[in-house]
Amino acid sequence: MGYWVGLGGHNTQKLVQAGTATTGLSDHWAWYEYLSASHPNPAIRINSLTISPGDSIHVYIAFEKANDKFNYYIANNTTGKSASGIVNLDADEYFDGTTADWIVERASTYLPNYGSITMNTCKTTLNTSNTWLNIGNLTGIYKITLTSNGASSGTVLSQPGNISSNNTQFQCTWKAYS
């Protein structure tokens, strides 16, 4: 199970992302990753940051296209600890700047009952603006429901809710086991 934010990925295989993941009740961690069609790099685990069930997490990512740098910052608001880093990347290989992502996903074949998770303060600048835009003020928003067979006819496993009236948050809710 993974909770993450990303830049790119929807219209292309170029994606930078960071977040948290779990494979069970006792194995939780923070991570970052950068992907492209020719370089499917694995997620890099951040062992210096402890994550526990129920922790409040803050994730910030940025891509400096002019400098070919990917920045990540993950804070555990519950413990007051954080981790950050700068990764040198080839901008043309790893970033297109056209989409932003806020994701709750099944990272393996099993989706545990995670209850509900709220994604707060969802903002981005993307390539088209130097101004922070709230998720509710973006155009072309896609809400994707996770189903058992990947199609609209499958059993709904996890579902995003509506964007809040302040245009900065939404909830994802577990619906069924996979």
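**Pocket**

I started with the second largest pocket and sorted its lining by class: 19 nonpolar, 16 polar and 4 charged residues. For my own reference, Ala, Val, Leu, Ile, Met, Phe, Trp, Tyr, Cys and Pro count as nonpolar, Asp, Glu, Lys and Arg as charged, and the others, Gly among them, as polar. A pocket here is an open set of points on a 1 Å grid over the protein atoms alone, where a 1.4 Å probe fits, with protein on both sides within 12 Å along at least five of seven lines; lining residues have an atom within 4 Å of a point.

Ground rules before going on: this is a predicted model, where local features need pLDDT of at least 70 and side-chain atom pairs count only at pLDDT 80 or more, while totals for chains, interfaces and linings use all residues. Residues are numbered from 1 along each chain as its sequence is written, and side-chain values use heavy atoms, with hydrogens and water left out.

Back to the second largest pocket, which holds about 960 Å³ of space. That volume is the space filled by probe spheres set on the grid points, which are joined across faces, edges and corners. I counted 39 lining residues, and those nearest the pocket centre are Ala100, Asp101, Ile103, Tyr142 and Ile144. Which strand gives the most to this lining? Strand 8 does, with 6 residues. Strand 1, strand 8 (100–105), strand 13 (156–160) and strand 14 (170–174) each put at least two residues into the lining. Strands are DSSP runs of E, at least two residues long, numbered from the N terminus.

**Cysteines**

Next I looked for disulfides, meaning a pair of cysteine sulfur atoms within 2.5 Å. The count is 0. Buried means under 20% relative accessible area, exposed over 50%, partly exposed in between (1.4 Å probe, protein chains only).

**Rings**

For aromatic pairs I took rings of Phe, Tyr and Trp (its six-membered ring) with centres within 6.5 Å; planes under 30 degrees apart are stacked, over 60 edge-to-face and the rest tilted. The count came to 9 aromatic pairs. I opened the one between Trp4 and Trp31: their ring centres are 6.5 Å apart and the planes stand at 65°, so this pair is edge-to-face. Trp4 sits in strand 1 (residues 2–8) and Trp31 in strand 3 (residues 28–35), so the pair ties together parts that are 27 residues apart in sequence. Are these two tryptophans buried or exposed? Trp4 is buried at 9%, and Trp31 is buried at 5%.

Then I checked Phe70 and Tyr72, a tilted pair with 6.3 Å from centre to centre and 45° between the planes. Both of them are buried. Ring pairs also bring in Tyr32, giving a cluster of Tyr32, Phe70 and Tyr72.

One more ring: Arg45 lies over the face of Trp29, 4.0 Å from the ring centre. The rule I used wants NZ of Lys or CZ of Arg within 6 Å of the ring centre and within 35 degrees of the ring normal.

Most residues other than glycine have a negative phi. Asp68 has a positive phi, near 55°. I found Asp68 in the loop between strand 5 (57–64) and strand 6 (69–76), and it is partly exposed at 28%. Asn167 is not a glycine either, yet its phi is positive, about 65°. Asn167 belongs to the loop between strand 13 and strand 14 and is partly exposed at 24%.

**Distances**

Last, some C-alpha pairs. Ile44 is in strand 4 (residues 44–46) and partly exposed at 30%.

Val5 is in strand 1 and buried at 14%. I got 17 Å from Val5 to Ser158, C-alpha to C-alpha, for a separation of 153 residues in sequence.

Ser26 is in the loop between strand 2 (15–22) and strand 3, and it is exposed at 74%. How far apart in space are Ser26 and Tyr94? I wrote down 32 Å between the C-alpha atoms, at 68 residues apart in sequence.

Technical notes: Helices (H or I, at least four residues) and strands (E, at least two) are DSSP runs, numbered from the N terminus.
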